[in-house]
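Student: Hi! I have a structure open and would like to talk it through. Could we start with the pockets?

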Amino acid sequence: MEIILITGMSGSGKSVALHALEDSGYYCVDNLPPELLSSFVALKRPHNASKLAIAMDVRSATSLPLVPQQLKELQGQGVSIQSLFLDADTETLVRRFSETRRLHPLSRVDATDQHRALEVAIELERDLLAEMREQAHVIDTSKIRSAQLQGYVKSLVQNPSRQLTLVFESFAFKRGVPLDSNYVFDVRMLPNPHYEAGLRQLTGRDQPVIDFLKTQPEVDDMFRHIEQFLNHWLQALVRDHRSYVTVAIGCTGGQHRSVYLVEALVAAFAKDWPTLKRHRELEAR
């Protein structure tokens, strides 16, 4: 049996992720109380439900501390478990709640109908979910659309769950560092194709940009240094039982240098490791 556990911030896109898993053939349950997790799995076993997706959130805050032990017991029974945590920056979450006019689940303080300010409720939620976040693969949904999130979730679950998967992501520093990155490399000091005639409108996946960057010694040095760093630490990450490691490469616009390096790193590491790639700014167009 394989279980995908989805947790995360309210308004971060958990329902979108759950729909993506449903499309991928998972039996999905939203807002399952943690107390019922083991019983629910036992209930589905006789029905040959081999792929389950379960969403839990802060509405079950008082019983969330039960989850780590339950997951450990299920793994001891041979159940494969992947935990995904959806996150977004506070500004994005505030905007989403304002646009939908939804009430944050932690906004109501007591039966007298007193309310917390939205930002206070969001930060309280971060504190309550901090342990769950630490134990999961984090997906930052701040700068991506629903369709991008669906595609990314589907690509994640297609990889072998018992192997460490490398996720390489390009991004623009001007739009913020991805919250889901384990390692961040700043490549803004490298020669920029943006200032070369004929290259400005292209991307790091286009051959003229590739040819330009390949001739720059600094770019090759950066590639080699990142490659050596990862090769040095990957086995230690495997011993630490990591399922995913996200390596974010950032330049000014997320269009040329970071894209080129992500493509080059994927080509180098895909020979030995399951790999995924994301180009945040290109995919947002």
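Student: Which helix gives the most to the lining of the second largest pocket?

Tutor: That is helix 1, with 3 residues. Keep in mind as we go that this is a predicted model.

Student: And how much space lies in that second largest pocket?

Tutor: About 390 Å³. It is lined by 19 residues, and those closest to its centre are Gly-11, Ser-12, Gly-13, Lys-14 and Arg-102. Two elements give two or more residues to this lining: helix 1 (14–23) and helix 7 (146–157).

Student: How do the residues of that lining divide into nonpolar, polar and charged?

Tutor: There are 5 nonpolar, 7 polar and 7 charged residues in the lining of the second largest pocket.

Student: OK, now the largest pocket. How much space is in there?

Tutor: The largest pocket holds about 1100 Å³ of space. Its lining has 35 residues, and the closest to the centre are Gln-135, Ala-136, His-241, Arg-242 and Ser-243.

Student: Which strands and helices supply at least two residues each to that lining?

Tutor: On the strand side, they are strand 1 (2–8), strand 4 (80–87), strand 5 (137–140) and strand 8 (244–251). The helices are helix 3 (67–76) and helix 6 (130–134). By type, the lining of the largest pocket has 14 nonpolar, 14 polar and 7 charged residues.

Student: You mentioned His-241. Is it buried or exposed?

Tutor: His-241 is exposed, with a relative accessible area of 70%. You can find His-241 in the loop between helix 9 and strand 8. Its phi is positive, about 65 degrees, although His-241 is not a glycine.

Student: Let's switch to helix 3. Which of its residues are buried?

Tutor: Val-67, Gln-70, Leu-71 and Leu-74 are buried in helix 3. They sit on the same side of helix 3, because they cover an arc of only 100 degrees around the axis.

Student: What do those buried residues pack against?

Tutor: They pack against strand 1, helix 2 (37–44), strand 4 and helix 6. On the other side of helix 3, Lys-72 and Gly-76 are exposed. Helix 3 is followed by Gly-78, which has a positive phi near 90 degrees.

Student: And helix 4, which residues are buried there?

Tutor: In helix 4 (residues 90–100), the buried ones are Thr-90, Thr-92, Leu-93, Arg-96 and Phe-97. These cover an arc of only 160 degrees around the axis, so they are on the same side of helix 4. Part of what covers them is helix 5 (118–128).

Student: What is on the face turned away from the buried side?

Tutor: That face of helix 4 carries the exposed residues Glu-91 and Glu-99. Just after helix 4, Arg-101 takes a positive phi of about 60 degrees.

Student: Moving on to the largest nonpolar core, which residues touch the most other members?

Tutor: They are Leu-166, Phe-168, Leu-234, Ile-249, Leu-261 and Phe-269, out of 31 residues in the largest nonpolar core. Strand 6 (165–172), helix 8 (207–214), helix 9 (217–239), strand 8 and helix 10 (257–269) each give two or more residues to this core. Helix 10 provides the largest share, 8 residues.

Student: What is Leu-166 in contact with?

Tutor: Leaving aside neighbours within four places in sequence, Leu-166 is in contact with Leu-234, Val-245, Phe-269, Trp-273, Pro-274, Thr-275 and Leu-276. There is also a second, separate core of 26 residues, including Val-41, Leu-52, Val-67 and Ile-122.

Note on methods: Residues are numbered from 1 along each chain as its sequence is written. This is a predicted model: local features need pLDDT of at least 70, side-chain atom pairs count only at pLDDT 80 or more; totals for chains, interfaces and linings use all residues. Side-chain values use heavy atoms; hydrogens and water are left out. On a 1 Å grid over the protein atoms alone, a cavity is a set of points where a 1.4 Å probe fits but cannot get out, and a pocket is an open set with protein on both sides within 12 Å along at least five of seven lines; lining residues have an atom within 4 Å of a point. Grid points are joined across faces, edges and corners, and a volume is the space filled by probe spheres set on the points. Helices (H or I, at least four residues) and strands (E, at least two) are DSSP runs, numbered from the N terminus. Ala, Val, Leu, Ile, Met, Phe, Trp, Tyr, Cys and Pro count as nonpolar, Asp, Glu, Lys and Arg as charged, and the others, Gly among them, as polar. Buried means under 20% relative accessible area, exposed over 50%, partly exposed in between (1.4 Å probe, protein chains only). The arc is that of the directions from the helix axis to the C-beta atoms. Contact means heavy atoms within 4.5 Å. A nonpolar core is a set of buried Ala, Val, Leu, Ile, Met, Phe, Trp, Tyr and Cys residues joined through side-chain atoms within 4.5 Å.
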